[in-house]
Amino acid sequence: MEENIYQDHFVAKLFDRMSPSYEFMNSLTSLGFYPFWRQQAIEIISIGKGKKVTDLLTGPGESWKHILPRIGTEGELTALDFSTSMIQLAEKRKERYPEYNIKLHCENVFNSGIKDNSQDVVICCYGLKTFEHAQLEQLALEILRILKPGGSFSLVEVAMPETQWLKNCYRFYLGKVIPFLSKFLAENPETYNYLETYSNNFEGFDLMLAHLEKHGGNPSMHKRFFGCAKGITGVKS
Ligand SMILES: C[S@@+](CC[C@H](N)C(=O)[O-])C[C@H]1O[C@@H](n2cnc3c(N)ncnc32)[C@H](O)[C@@H]1O
């Protein structure tokens with residue numbers, strides 16, 4: 001039987017195996033674009049001192065450095081991921097910020113203990129592509145469930161660019177550059193081949209936008225670098 005690469009246990013295991021090289025590989029192979037777009041996605045929305053922010057699908061917690069100084073020690077950061085290895089890395093990262101209030105949740109985003117209407121801001125970076133279309137509506141509902149009315153969200157994901165020459169570059173990058181570099185630099189290089197599949201398959205931006213619109217997220221889309229990444233921001237009604 002063919003494996004379903006969108007099933008929870010498959011995705012969690014994949015990121016468990018990818019975790020040792022995840023940060024290094026992402027920064028290196030994207031020539032710094034991944035960290036830059038992540039930072040942009042967080043800086044684009046207003047986050048004040050003392051606010052409650054959730055970083056959904058936090059991975060090893062690379063978003064935190066852009067969030068913590070803004071919420072200050074009086075704020076609260078909740079970081080959620082279901083990969084136990086990613087959460088272990090996040091726990092290590094938490095030690096760098098002893099003065100901040102960081103709560104780690106090793107949970108499935110669709111079954112989380114985060115309370116209704118409790119968060120001022122929800123961030124989600126590079127987490128959309130491993131969801132099937134049907135799950136995107138669930139994710140939109142979850143973001144809006146945990147946000148307070150008037151709370152804002154910002155999502156970012158890599159995308160297939162629209163112009164042909166960039167499309168060709170992107171395919172070359174995913175199909176050749178990443179597999180080549182991961183062979184030499186990553187602990188479990190085969191895991192990076194799946195990233196190509198997820199990224200090639202992902203066409204969910206408009207759908208996510210429509211779900212957020214339908215459920216009261218008032219979203220807008222932002223293209224990054226000729227459409228090589230896209231962000232969605234919005235405010236809950
Ligand atoms: C591509 S990584 C993104 C990590 C981080 N946000 C970043 O900016 O690099 C996606 C993360 O989402 C997590 N994830 C995927 N599906 C999930 C789910 N249903 N519930 C919780 N975490 C999930 C994976 O374990 C992985 O760590």
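At what angle do helix H7 and helix H8 pack, and how far apart are their axes? Select residues 164-185 for H7 and residues 190-201 for H8, and you will see two helices that pack at an angle of about 165 degrees with their axes 9 Å apart. Axes here are lines fitted to C-alpha atoms, for helices over the stretch in contact, and angles run from 0 to 180 degrees between N-to-C directions. H7 is therefore roughly antiparallel to H8, where angles under 35 degrees count as roughly parallel, over 145 as roughly antiparallel, 65 to 115 as roughly perpendicular and the rest as oblique.

Before going on, a word on the model. The model is a predicted one, in which local features need pLDDT of at least 70 and side-chain atom pairs count only at pLDDT 80 or more, while totals for chains, interfaces and linings use all residues. Residues are numbered from 1 along each chain as its sequence is written, and side-chain values use heavy atoms, with hydrogens and water left out. Helices (H or I, at least four residues) and strands (E, at least two) are DSSP runs, numbered from the N terminus.

**First stop: between H7 and H8**

Show the side chains of Tyr170, Leu174, Gly175, Ile178, Pro179 and Ser182 in H7, which meet Tyr192, Asn193, Glu196, Ser199 and Asn200 in H8; contact means heavy atoms within 4.5 Å. Coloured by class, the residues of this contact divide into 5 nonpolar, 5 polar and 1 charged, with Ala, Val, Leu, Ile, Met, Phe, Trp, Tyr, Cys and Pro counted as nonpolar, Asp, Glu, Lys and Arg as charged, and the others, Gly among them, as polar. The crossing of H7 and H8 is right-handed, a crossing being left-handed if the near helix is turned anticlockwise from the far one by less than a right angle, and right-handed if clockwise.

**Second stop: H1 against H8**

On the H1 side, select Phe10, Val11, Leu14, Arg17 and Met18, and on the H8 side Glu190, Thr191, Tyr192, Tyr194, Leu195 and Tyr198, which together make the contact. By class, this contact has 8 nonpolar, 1 polar and 2 charged residues.

Return to H7, which gives the most to the lining of the largest pocket, with 6 residues. The pocket has a volume of about 340 Å³, and of the 16 residues that line it, the closest to its centre are Ser30, Phe33, Tyr170, Tyr173 and Cys228. On a 1 Å grid over the protein atoms alone, a cavity is a set of points where a 1.4 Å probe fits but cannot get out, and a pocket is an open set with protein on both sides within 12 Å along at least five of seven lines; lining residues have an atom within 4 Å of a point. Grid points are joined across faces, edges and corners, and a volume is the space filled by probe spheres set on the points. The lining of the largest pocket divides into 13 nonpolar, 3 polar and no charged residues.

The structure holds 3 cavities of 30 Å³ or more. About 430 Å³ of space lies in the largest cavity, and of the 33 residues that line this cavity, the closest to its centre are Phe15, Leu57, Asp81, Tyr126 and Gly127. The largest share of its lining, 3 residues, comes from H1, and by class the lining has 17 nonpolar, 9 polar and 7 charged residues.

For the second largest cavity, with a volume of about 70 Å³, select Met25, Asn26, Thr29, Tyr34, Lys129, Tyr173, Leu174, Ile178, Tyr192, Leu195 and Ser199, which line it. The elements that give two or more residues to this lining are H2, H7 and H8.

**Last stop: H6 and H9**

Finally, select H6, residues 133-146, and H9, residues 205-214, whose axes come within 9 Å and cross at roughly 40 degrees. That crossing makes H6 oblique to H9, and H6 passes H9 in a right-handed crossing. His133, Leu136, Glu137, Leu139, Ala140, Ile143 and Leu144 in H6 meet Leu207, Met208, His211, Leu212 and Lys214 in H9.
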